[in-house]
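The following explanation is intended for a reader who meets this structure for the first time. Please keep the sequence and the model in view while reading.

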Amino acid sequence: MNHILVTKEVSKSYGDYTALNKISLEIPENSIYGLLGPNGAGKTSLIRIINQITHPDSGEVFFNGELLNPNHIAMIGYLPEERGLYKSMKVGEQALYLAQLKGMSKTEAQKKLKYWFDRFEIGDWWNKKVQELSKGMAQKVQFIVTVLHEPKLLIFDEPFSGFDPINANIIKDEILELKKKGTSIIFSTHRMESVEELCEHIALIYQSEKILDGRLTDIKREYKKNIFEVGMQTSNGLEIVSDLKNHFTISEESFDAIENQLNFNLQIVSKTSREILTHLASKAPINHFLEKIPTANDIFIETIQNKGSNG
Amino acid sequence: MDKLLLIIKREYLAKVRNKSFVIMTFLSPLLMVAMVVLIAFLTKLNDSEKQIITVLNESDFFSNEFVTTETTSYINLKDLPLDVAIDSTENMGYYGMLHIPEASNIEDVAIKTFFYTKEAPSTTVLEKLESIFKTRLEQDRLYEIGVSKQQFATIQEPYTMQTATFSGELNVKGFNEIKAFIGGGFGYLIMMFIIIYGGFVMRSVIEEKTSRIIEVIISSVKPFQLMMGKIIGTSLAGITQFAIWIISASILLTAVVFFFDIDPSSFDAANQMGVQAVPAAMPSVGMVNEKIIALGMEVYKIPWVMLISFFIVYFLLGYLIYSSIYAAIGAAVDNETDTQQFVFPVIMPLMLAIYVGFFSVFNNPHGPTAVAFSLFPLTSPIVMLMRLSSGLGEGGVPIWQLVVSILLLIITFIGIVWFAAKIYRIGILMYGKKPSYKELYKWLKY
């Protein structure tokens with residue numbers, strides 16, 4: 001697989017404070033890459049290096065196989081977390097200005113802006129000043145300006161902050177659409193719930209260091225604990241539970257005597273799920289038997305806790 | 001380069017389209033004209049108040065010495081008792097009463113003479129009266145030793161010393177003041193421009209920080225490009241403003257000249273006559289008209305081309321140095337109220353330059369203080385211009401001083417821009433707290 005961006009042992013410090021400590025990442029082409037970590041972990045520092053706003057103290061960054069250089073600026077689109085527009089400037093004029101700064105010609109920018117403004121149905125905002133727009137409206141303009149020059153790599157830092165759920169969905173769909181068209185996307189956030197549905201790859205940054213990275217599905221497989229959630233239809237739930245406890249590790253059991261519903265978690269240690277199912281089926285009808293896959297949030301918290309207890 | 005032009009264009013348009021810029025641009029000349037009219041009016045009002053002094057002369061030694069002038073007029077009182085004379089003077093609201101009593105000789109008369117006023121008299125009035133007495137006494141004392149009144153009158157002929165430079169060029173009295181005034185005007189213009197437009201640069205940087213657009217922009221262009229684009233764009237807006245002012249002010253002034261029916265042809269006539277005027281003939285009679293002609297000639301002789309070219313050089317370098325500092329200050333803080341502690345040390349050298357200029361350069365354009373301040377880069381744009389109005393080379397600013405001053409200015413410019421760009425680069429991405437000088441120093445090392 002080709003990598004759109006590779007960082008090799010990138011370090012950056014501000015005075016005594018280390019913002020990044022030997023971060024090595026490989027960001028595959030045409031995928032959505034989640035850059036995760038709590039606030040202050042170093043995500044923004046890394047993104048600023050990729051955007052050549054700052055430069056690493058040591059380490060190298062490769063874009064599309066080449067050492068990062070100023071020509072790459074036009075191939076990257078960046079939506080910063082701290083974002084805004086000139087308040088007293090007109091929307092259209094401002095969008096044109098920002099597009100031209102990215103190296104687009106005026107006519108090209110005008111054509112593409114028309115397409116996007118029509119797509120978001122905001123054509124009549126062109127002559128409005130930014131200060132007349134609501135926060136969500138301004139964010140839409142900001143999104144357009146970020147993707148307008150059709151960059152190979154898009155970097156979104158907390159893209160959904162400032163959007164209401166409906167508009168957040170519109171933006172999410174646009175991001176997926178862009179990915180479909182072949183764009184590679186880095187998606188930086190500390191809010192894990194948005195990661196699940198978007199990212200194929202993730203890297204977890206904590207206290208200036210990368211503590212985890214890889215395909216999300218692989219990571220989940222690695223982090224799962226062979227715990228299955230079981231639901232059974234039975235009137236003598238308590239009996240079954242005490243019997244099962246002799247053979248398996250059971251936790252979080254609950255029995256609803258009125259609905260005759262027994263729920264519990266079962267951890268498989270030695271036996272296969274097939275053997276277990278046979279055993280369970282002999283006791284009572286099974287409603288559901290489901291492997292518990294850890295969420296990104298679970299993994300996030302677990303790794304950080306491990307890190308805390310180890311270090 | 002294209003990006004720099006884009007930034008300059010945006011900054012220029014943002015400034016020029018701003019409502020307060022438009023209002024200031026068109027209101028300021030009106031205010032200026034109003035000021036001129038007001039000053040003229042007040043001056044006239046001041047002059048028109050004539051001081052009237054009554055004279056009760058009981059002596060034979062004084063008769064026709066008290067001649068009414070533009071500012072003072074004398075009324076002779078005759079055969080009145082002293083207290084009545086004082087009372088009536090006070091009742092009429094006159095300025096004062098001079099009582100010259102009778103005595104056997106003029107010395108006694110002078111000693112016994114009293115000047116009565118409501119309050120202590122003004123020094124100008126008193127000096128005028130004293131000089132009348134002094135002349136009269138001198139005349140009398142000289143008469144004692146055999147100088148006739150006619151001879152005394154010839155002694156009274158005024159005298160003005162002629163001055164020339166070592167190369168033999170004649171100087172005109174009062175001209176140095178005019179030259180210094182022109183230089184001072186240029187210096188003052190530079191100071192005002194730096195303070196006003198440096199402030200604009202600073203506010204523009206703060207605006208980009210508070211609106212959070214800064215990171216969007218510097219992911220496309222280098223911070224240095226943005227900073228320079230901002231400085232250049234803003235200064236172009238300033239130059240536009242000055243151009244509009246100069247044009248509209250001259251239109252308005254012409255209108256005022258016509259309105260008050262001042263005859264401008266008198267200036268023209270003076271200038272044409274000035275061509276033949278020989279400076280050597282000038283001081284003898286003290287004729288006002290010839291003096292003006294000579295001064296006009298000298299003002300023509302001011303090396304305007306040299307002065308204006310160096311005005312541009314010093315203006316550009318000075319403005320670039322100071323506005324870079326202003327940009328760095330804007331980047332270091334989050335809002336305008338935090339700028340005070342940083343702005344004050346910036347304005348100080350400018351103020352110092354103006355004061356040194358007005359007090360030291362006016363008196364002695366080439367004294368050690370003037371030379372030092374015209375070499376020191378933070379004050380040289382103002383002080384050197386004041387000195388340059390007296391000329392370059394012989395009799396004026398030595399060429400080596402000019403070269404050193406410009407070189408120092410260029411070196412400082414490079415140093416300051418480097419330093420400001422560093423602070424700017426870090427500062428624009430820092431939010432939330434006002435940095436101390438110590439932290440700014442740390443940023444230089446990042």
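Residues are numbered from 1 along each chain as its sequence is written, and chains are lettered from A and ligands numbered from 1 in the order in which they are written.

The predictor assigns the complex an ipTM of 0.80 and a pTM of 0.73. For single residues, confidence is expressed as pLDDT, on a scale from 0 to 100. The mean pLDDT of chain B is 80, and 85% of its residues score at least 70. Within chain B, helix α1 (residues 2–17) has the highest confidence, at 91, and helix α11 (residues 282–285) the lowest, at a mean of 42. Residues 264–286 of chain B have a pLDDT below 50, yet this stretch has 24 contacts in the model beyond near neighbours in sequence; two residues are in contact if their C-beta atoms, placed from the backbone, lie within 7 Å. Where pLDDT is low, predicted coordinates should not be read in detail.

Where the chains meet, 19 residues of chain A are in contact with 16 residues of chain B. On the side of chain A, helix α2 (residues 91–101) gives the most, with 4 residues. Helices are DSSP runs of H or I with at least four residues, strands are runs of E with at least two, and both are numbered from the N terminus. Chain A itself is divided into domain 1 (3–221) and domain 2 (225–291), bounds that come from an automatic or database domain assignment. The centres of these two domains of chain A, taken over C-alpha atoms, are 46 Å apart.

Attention now turns to the interior. A residue is buried if 20 or more other C-beta atoms lie within 10 Å of its own, exposed if 12 or fewer, and partly exposed in between, with C-beta atoms placed from the backbone. A nonpolar core is a set of buried Ala, Val, Leu, Ile, Met, Phe, Trp, Tyr and Cys residues joined through C-beta atoms within 7 Å. The largest such core has 134 residues, and A:Ile155, B:Ala327 and B:Leu385 have the most contacts inside it. Helix α13 (residues 304–332) of chain B gives the most to this core, with 16 residues. Another core, of 10 residues, lies apart from it and includes B:Met97 and B:Leu129.

Chain B has 18 helices and 4 strands, and 29% of its 446 residues count as buried. Among the buried residues of α1(B) are B:Leu6, B:Arg10 and B:Tyr12. B:Tyr355, found in helix α14 (residues 340–361) of chain B, counts as exposed because it has 11 C-beta neighbours inside 10 Å.

Two loops of chain A complete the picture. Most residues other than glycine have a negative phi. A:Asn226, however, has a positive phi of about 55° and lies in the loop between α7 (216–223) and β11 (227–233) of chain A. A:Asn260, in the loop between β12 (249–256) and β13 (261–267) of chain A, also has a positive phi, near 55°. A:Asn226 is exposed, since 12 other C-beta atoms lie within 10 Å, whereas A:Asn260 is partly exposed because it has 14 C-beta neighbours inside 10 Å.

How values were computed: Predicted model: local features only at pLDDT ≥ 70, side-chain atom pairs only at ≥ 80, totals over all residues. pLDDT = per-residue confidence, 0-100.
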